[in-house]
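Look at the fold below. Then work through the questions one by one.

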Amino acid sequence: SLAYILVPKIPRPITFITTVFFFHQLQTQMRSKESEKKRAYLTLEELIQLPDDTNTYKAIGLFILEPRSLMVNEQEKKLNDSETAISSMQTSKEYLEKQLGEVENNVRELLQQDPGLARQILSMTVQ
């Protein structure tokens, strides 16, 4: 396998695989938070247009009557929490992108230094 060939040549070969895994996982989490943020924003936009004394209902498997002000506060908190989480995830994403770039450069340099290894890898088939 490719990992077996690279083990003796690249320190910490698992780093690339782990970094790619975390990068994709982070992208999934960011999409989820973006969706949550959008839902909170749209709900908040609708709630703000209602009069203060409007009955609002929260769905939690069943519907519970809650004051409009409480629902607005809850949606504002969700919106802010989502923005904070997305900001933090963006920082992590930038770090992981940098790590991936470094690993790619290391692999590229290794293959340039050892053309025999490059030919061996290219001749391999994925099973």
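Q: Which residue in the turn of the hairpin has a positive phi?
A: Strand 1 and strand 2 form a hairpin, with 3 residues between them. Strands here are DSSP runs of E with at least two residues, and helices are runs of H or I with at least four, numbered from the N terminus. In the turn, phi is about 95 degrees at glycine 61.

This is a predicted model: local features need pLDDT of at least 70, side-chain atom pairs count only at pLDDT 80 or more, and totals for chains, interfaces and linings use all residues. Residues are numbered from 1 along each chain as its sequence is written, and side-chain values use heavy atoms, leaving out hydrogens and water.

Q: How many bridges join strand 1 to strand 2?
A: Strand 1 covers residues 55–59 and strand 2 covers residues 63–67. They run antiparallel. Two strands pair if DSSP finds at least two bridges between them. Here the number of bridges is 5.

Q: In which order do the elements run from the N terminus on?
A: The protein has 4 helices and 2 strands. From the N terminus on, the order is α-α-β-β-α-α.

Q: Which side chain of opposite charge is nearest to glutamate 66?
A: Glutamate 66 sits in strand 2. It is buried (under 20% relative accessible area; exposed is over 50%, partly exposed in between; 1.4 Å probe, protein chains only), yet it has no salt bridge. A salt bridge needs a side-chain nitrogen of Lys or Arg within 4 Å of a carboxyl oxygen of Asp or Glu. Lys and Arg count as positive, Asp and Glu as negative, with His and the chain ends not counted; at 4.3 Å, the nearest opposite charge is lysine 58.

Q: Which residue forms a salt bridge with arginine 68?
A: The closest N and O atoms of this pair are 2.8 Å apart. Arginine 68 lies in helix 3 and its partner in the loop between helix 2 and strand 1, so the pair ties together parts that are 16 residues apart in sequence. Arginine 68 is buried at 11% relative accessibility.

Q: How far apart are the closest N and O atoms of glutamate 36 and lysine 33?
A: The two residues are 3 apart in helix 2, so about one helical turn separates them. Glutamate 36 is partly exposed at 25%, and lysine 33 is partly exposed at 22%. They form a salt bridge, with closest N and O atoms at 3.6 Å.
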